[in-house]
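Here are some notes for a colleague who is opening this entry without having seen it before. The points are numbered so that each can be checked in turn.

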Amino acid sequence: MSEQRSDGEGISRRGFIGLSAGVVAATVGAGAIAVSAISEETTTDQLVSHFAEGSVPASDPEDGRWQDIPAFDVALTPQQMTTPMLQGISVPTLQVRSMNDGAQIAFLLEWEDAEQDDIDAMARFHDAVAVELPTATAPTASSMGQSGAPVHILQWRASWQADIDRGRQTVEDAFPNMYPGPRPEDLMGQEKAAVYYPGVYVGNPQSSRNRTQPVEELTAIGFGSLADMDEQRAVGKGVYTGAGWKVAMGTSMLGGKDRFAGAPKTQVAFAAWSGSKENRGSRKQWADWTDFRIEGGSA
Amino acid sequence: MADVYNWQLGRKMQYQYEEHRPKRQVAYVFDPNKCIACQTCTIACKQTWTWGAGQEYMLWNNVETKPYGFFPTGWDVMLMALLGPGEWQNGTYQGKTIFESAPQGERVQGWLPGDEDWAHPNLGEDEPLGVAAQGTYIADTPHDMWFHYMPRICNHCTYPGCLAACPRQAIYKREEDGIVLVDQERCRGYQECTRGCPYKKVFFNNETRVSEKCIACYPKVEEGIMPQCVTSCIGRIRMMGFISGPDEEPDPNNPLDYMIRVKKIALPLYPQAGTEPNVYYIPPIHVEPSYLHQLFGPGVEHAIETYSTTKTDDHLLGLMMLFGCTDRILHSFEVRDGIAYGYDDKGEEIVSVPIDEPTFIREYFDEVHGNYMMNIT
């Protein structure tokens, strides 16, 4: 199913200086999905988070260092464990890279998608991708965790990326030709009008008008339990290439309540959504746990 | 899935969760016979709750013309197509509900309207079924050609489709009054509720990116006052109150119980969906019964027959006179000595109205002005 398509040991645990200049040139030069030059060498069954000195490009999918490390293909299948299920698949594969600097862990996720879906509106859904990490040493269910063993999830959404890139997307962005009538804020000012925007008023992160990152950190202990973490540490950025998405995102490995704390050997799982296929929530394609080795700087 | 009892279907059915009825259940009776589709209810609701950005298309309350009017477009045609034919035998529904007919992998049988479907809120307005020949005069009911108005809000169902469809339990039914609400903190905007509601009365807010719906004006209800759509109705076609559960004896002094469970003049809309909706309609008496059966189930003839006796039934007439006479919620009523009385939950009198109002006869010919008078209503 999943395979590591490179020799992870061939890359220095101290960074990427051990890579030959030729390989770097070949991968960077090949463009957005140009990892194949080094990705067909050997296969393993685990994803490796390569150690990087100093910092990781958690919010830069175009950073050249991503192309210095091998890609790992994750095969996705339709979620059919809980209802509502996904009947057809539109994102069969995610191409994943990971690196860490001992304090932060970052992922680059790439997939093909012919349509850029970055507007949330009625019957319109966004493209998205998620990384799931365990928080306990004991095994937990990749299917959104379980009681006593929560999972730590990073989810990037194209609509949040649009909020960052183009400014908070409003109903006028979804329906540019609409004629808006007078609104509460026009007549009574923003403060008094706040109650007319209940999602915003109660602080639902979905309704946030001041989003600074296109990534959310969430915790879950089973289907239907997904909840935003109180403390949001994640950063990220996604770019649409014309043929698909390249999304970088990362978070702290320092741990905390219901948070991933890093471990040399752990697991990771993934999910992806295609908005134009009406994917949302549990209507997603996903992958079970993949063994995940996190290289450390002093190992 | 759990076995639950749906009294409107006369049988048990499958539902996502165990049967759990609230302490009391909010209910409405609408009388489309008196509705003139003035949309005052629609505007009252809109100006109260849904005039913010992102809510432009939302009509928690709408009035559509049947059979050709819909909001969203074709909502009940789609529902009927999804459910397929279903027979009633001796008051028991033999077909499948939206829960029992859910395809593999789905929580309910549903569909998600697109933005175009929400773009024509008064499609089919005043379009009758049938064509009138020159000189047609309609003297009897049901009419050969007809349309009727259908005022619609959330049904605050006992077994809500929206609640069953939400995979993260962001929709809940209040224990104190059965009002169904979307938790604005918990919703993540999946729109499964819109897809799952057979009546299409849950709406995605394009600005806040979470779903919203009719809240039965719960801040008013908590103060003992009826919702905006009820108190604003100039045709006095609506009454809101509470209905007892099927395991309780109906209270003949409770206006809602009396109309729905005792006299059975008010019927649920599309009960075959299986959600046990709590807005009840007095069937429009001029409409073809076979169509009314599809809308309201098998009690149509009895309801129309009983409703037609209102003018000779002082008790029922008195209750009808109480429609729209107060903004306070009536918990009980009585009719004595030609007066209908309404009471609050403490038994205190809220309102009294005569069942026969004084009648003034205006002469056909106005001798003062020397002209003939014309009725225009």
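1. In which segment of chain A is Glu295(A) found? This residue sits in the segment after β14 (285–294) of chain A. The model is a predicted one, and that applies to every point below.

2. Is Glu295(A) buried or exposed? Glu295(A) has 21 other C-beta atoms within 10 Å. The cut-off for a buried residue is 20 or more, so Glu295(A) counts as buried. In sequence, Glu295(A) and Val48(A) are 247 residues apart, yet their C-alpha atoms are 7.1 Å apart in space.

3. Chain A as a whole contains six helices and 14 strands. It has 299 residues, of which 46% are buried. If one takes the contacts in chain A between residues at least 6 apart in sequence, 68% of them join residues at least 24 apart.

4. Two domains are assigned in chain A: domain 1 (3–166 + 216–294) and domain 2 (169–210). Their contact involves nine residues from domain 1 of chain A and four residues from domain 2 of chain A. On the domain 1 side, helix α3 (residues 158–166) of chain A contributes the most, with four residues. That side of domain 1 of chain A is made up of five charged, three nonpolar and one polar residues.

5. Between the chains, the contact draws 31 residues from chain A and 32 residues from chain B. The chain B side consists of eleven charged, eleven polar and ten nonpolar residues.

6. The largest nonpolar core has 103 residues, and those touching the most other members are Val29(B), Cys162(B), Ala266(B) and Tyr280(B). Beyond its neighbours within four places in sequence, Val29(B) contacts Met239(B), Leu256(B), Met259(B), Ile260(B), Ala266(B), Tyr280(B) and Ile282(B). Another core, of 57 residues, lies apart from this one and includes Val96(A), Ala106(A), Leu109(A) and Phe270(A).

7. Why is helix α7 (residues 255–262) of chain B described as largely enclosed by the rest of the structure? Because seven of its eight residues are buried. These are Pro255(B), Leu256(B), Asp257(B), Tyr258(B), Met259(B), Ile260(B) and Arg261(B).

8. One backbone detail follows α7(B): Lys264(B) has a positive phi, near 55 degrees.

Conventions: Residues numbered from 1 in each chain as written. Chains lettered and ligands numbered in written order. Predicted model: local features only at pLDDT ≥ 70, side-chain atom pairs only at ≥ 80, totals over all residues. Domains from an automatic or database assignment. Contact = placed C-beta atoms within 7 Å. Helix = DSSP H or I, 4+ residues; strand = E, 2+ residues; numbered from the N terminus. Nonpolar A, V, L, I, M, F, W, Y, C, P; charged D, E, K, R; others polar. Buried ≥ 20, exposed ≤ 12 C-beta atoms within 10 Å, placed from the backbone. Core = buried A, V, L, I, M, F, W, Y, C linked by C-beta atoms within 7 Å.
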